[in-house]
Amino acid sequence: MRHFAAALGELDDDSEDRPDAAFRLGVALHSRFTAGGRITDVDEAVLLFRGVLEMAERGSWPRLMAAAHLGRCLADRFAAAGDPVDLAGATGVLEEELTVAGRPPVGADGHDREEVHTWIFALDVLGECLREQAELAHDEELLAQALRQARRALEIAGDDPALRAAPEKGLARSLLVRAVWGKSRADLDEVIRLLDPSAPLAQAEDPAARAVNLGIALFERYRLLGDAGDLARARAVLEDAVAVLGRGSVACAGAQVNLAVVLRETAAVAVDEPALLDAAVEMAEEAADAVRPGSLLAVAAVAAGAEARIARQAHGAGRGGGGGGVAELTVACRRMEAVAPYLPSGGGMVAASFRDAWGSALVRLAGLTSSAGVLDEGVGLLRRALADPGGLPDRARTAGNLASGLYERFLARGAMNDLDEAVTLWQEAVEARPDGGPHTVLARSGLAVALHQRYERRGTAADLDEAVRRLRSCVRSADQLRSVTATDNGQTALPPSQPSSLTAFQRRVGV
C-alpha cells in the first residue's frame with residue numbers, strides 16, 4: 001500500500017502514468033477495506049476511481065473497468081454504511097458507461113479476454129446494485145432487471161467456466177431474493193446448484209463468501225420444506241465461513257448474522273440448546289458491534305441478537321439457567337430501540353423482520369411485567385411487520401408471534417376480537433408450516449388453547465372439536481421430535497410450551 005501511494009505521489013497531475021497508478025492504489029485500498037472494514041479506505045478508493053474515470057477515454061473498456069471498480073466500491077460502502085445514495089450512484093455510473101461502451105463482446109472466443117472480463121465485471125456489479133435496491137423497496141421490476149444483467153453477463157461469458165463463475169454467482173443471489181419473496185423451491189434448488197462448492201470460483205472470489213450465500217439458500221429451503229438435513233448443512237457451511245473470514249470485516253459480520261439465525265433455529269430441537277443460544281447471541285452482537293450503526297447489516301445483526309435473547313429467555317437457557325427473565329428481554333429491547341431510527345423508510349424484509357423481533361420481545365416483556373402499554377406497543381409492531389408490503393422471510397412465524405400477543409391481551413382484557421384474531425393467525429401459521437417441526441408444535445398448541453378459550457365463552461362445539469384435533473396432532477408431532485432427537489443425540493429437547501393453560505387443557509380433554 002505504501003509503495004502504491006508513494007508511486008502516485010511522485011507523479012505530476014498531468015502525467016500519462018497517473019491514471020494507472022491511481023487505479024492500482026484504488027484496488028489496493030478496496031482490498032484492504034474488504035479485509036479489515038476500515039471505511040476510510042473505501043472512501044479514498046472511491047475518490048481515486050472517480051478521478052481515473054474522468055481521465056479515461058470515453059467508450060473505452062479501460063474506462064468501463066474504472067467504472068466497474070467505482071461501482072464495486074460504492075456497493076461495498078453501502079453494505080458497510082447503509083446509504084442508498086451509494087447504490088443509486090453506482091447504478092447511474094454503470095448504466096451510462098455500459099451504454100457508451102457500445103456492443104458487448106458476446107462469446108469469449110475471438111475477443112480480448114481482459115475486455116470480456118471487464119464487461120462481465122461491470123454487468124455483475126450493476127446487477128448487484130439493482131438487486132440491493134430491489135430489496136430495499138421490494139421492487140419486482142428492479143429485481144427482474146438484476147436478473148437480466150446476470151443473464152447478459154452469462155451470454156458474454158459463453159461456455160467458459162472461469163468467465164461464467166461471477167455471473168452465475170450474481171444470478172444465484174438474485175434468484176435467492178426471488179425465492180424468498182415467492183417461496184419458490186425451484187429457485188432455491190437452482191441457487192444451491194449454482195453455489196455448489198465444486199463449481200469454479202470467479203476471479204478473486206472468496207470461497208467463504210460463496211459459502212455464506214449457499215448457507216442462506218439451504219436455510220431458506222429448510223424453512224420452506226422442513227428438511228433437517230438442509231438446516232444441518234446450512235450450519236456447517238456458515239460455521240466454516242465464519243472460521244476463515246477476517247473478524248471485524250463486513251463479510252464476516254454478514255456470515256455471523258446468518259449463522260446466529262441458524263444456531264437459534266437449531267437450538268429448538270438440540271440437546272446443547274443453552275450453548276447454541278449463547279453462541280447465537282454472541283455471534284450476532286459481535287457482528288453488530290463490528291459494522292456501522294446505520295447500515296442494514298447492523299440492523300439485521302441487532303435483530304438476530306434480540307431473537308436469540310428472546311429464545312434464551314423463553315427456553316430458560318443462558319449461562320446459569322433461567323434465561324435472565326426481564327433483564328434478558330430489556331437488553332434486547334434497548335439494543336433494538338437504539339438502531340430503530342436507521343430502519344429503511346420504505347419497509348422491506350429487513351425492517352419487517354426487525355419489527356417482528358422487537359414486537360416479540362415486548363410481548364414477552366409485558367407478560368413478565370404486566371405492562372399494558374408495552375403489550376400494546378409489541379402488538380402494534382407485530383401488526384406493522386405482518387402488513388409490510390415487502391413481505392417477511394418467515395410469515396408464519398410472525399403470524400404466530402402476533403397471535404401470541406393478541407392472546408395475552410385477550411387474557412388481560414377479555415376482548416373477544418383479540419381472541420378471534422389470534423385463532424385466525426394461529427390457523428395461518430399452522431397451515432403454512434411443514435408437519436413435524438418444533439414451530440408447528442408451538443403453533444398447534446397455541447391454536448388449541450385459543451380455540452378452547454373461545455369454546456368456553458361461546459359454547460361452539462366445533463371450536464372444542466378442532467381444539468382436541470389440533471392438540472392430538474401437536475402431541476404426535478412432539479413425540480416424533482422426541483424420538484428423532486433421542487435417536488440423534490441420546491437425549492431429548494423440545495421447545496417450551498405455549499400459553500400456560502395448555503397443561504390444564506390437556507388434562508381436561510384426556511390427551
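**Salt bridges, overall count**
I began with the salt bridges, and the count came to 40. I noted beside it that this is a predicted model.

**Arg32 and Asp41**
I looked up this pair next. The side chains of Arg32 and Asp41 form a salt bridge, with 2.8 Å from N to O. Which of the two is buried? I found Asp41 buried, at a relative accessible area of 3%. Arg32 came out as partly exposed, because its relative accessibility is 35% and the buried class stops under 20%.

**Asp43 and Arg77**
Here I found another salt bridge, joining the side chains of Asp43 and Arg77 at 2.9 Å, N to O. Where do the partners sit? Asp43 belongs to helix α3 (residues 39-55) and Arg77 to helix α4 (residues 61-81), so this pair ties together parts that are 34 residues apart in sequence.

**Arg312 and Asp278**
My next stop was the salt bridge between the side chains of Arg312 and Asp278, at 2.7 Å from N to O. I traced Arg312 to helix α14 (residues 296-315) and Asp278 to helix α13 (residues 273-290), so the pair ties together parts that are 34 residues apart in sequence. I then looked up their accessibility, and both Arg312 and Asp278 are buried.

**A network**
Which residues are linked with Arg312 and Asp278 in a network of salt bridges? I wrote down Glu285, Asp289, Arg309, Glu328 and Arg335 as the other members.

Definitions and conventions
Residues are numbered from 1 along each chain as its sequence is written. This is a predicted model: local features need pLDDT of at least 70, side-chain atom pairs count only at pLDDT 80 or more; totals for chains, interfaces and linings use all residues. Side-chain values use heavy atoms; hydrogens and water are left out. A salt bridge is a side-chain nitrogen of Lys or Arg within 4 Å of a carboxyl oxygen of Asp or Glu. Buried means under 20% relative accessible area, exposed over 50%, partly exposed in between (1.4 Å probe, protein chains only). Helices (H or I, at least four residues) and strands (E, at least two) are DSSP runs, numbered from the N terminus.
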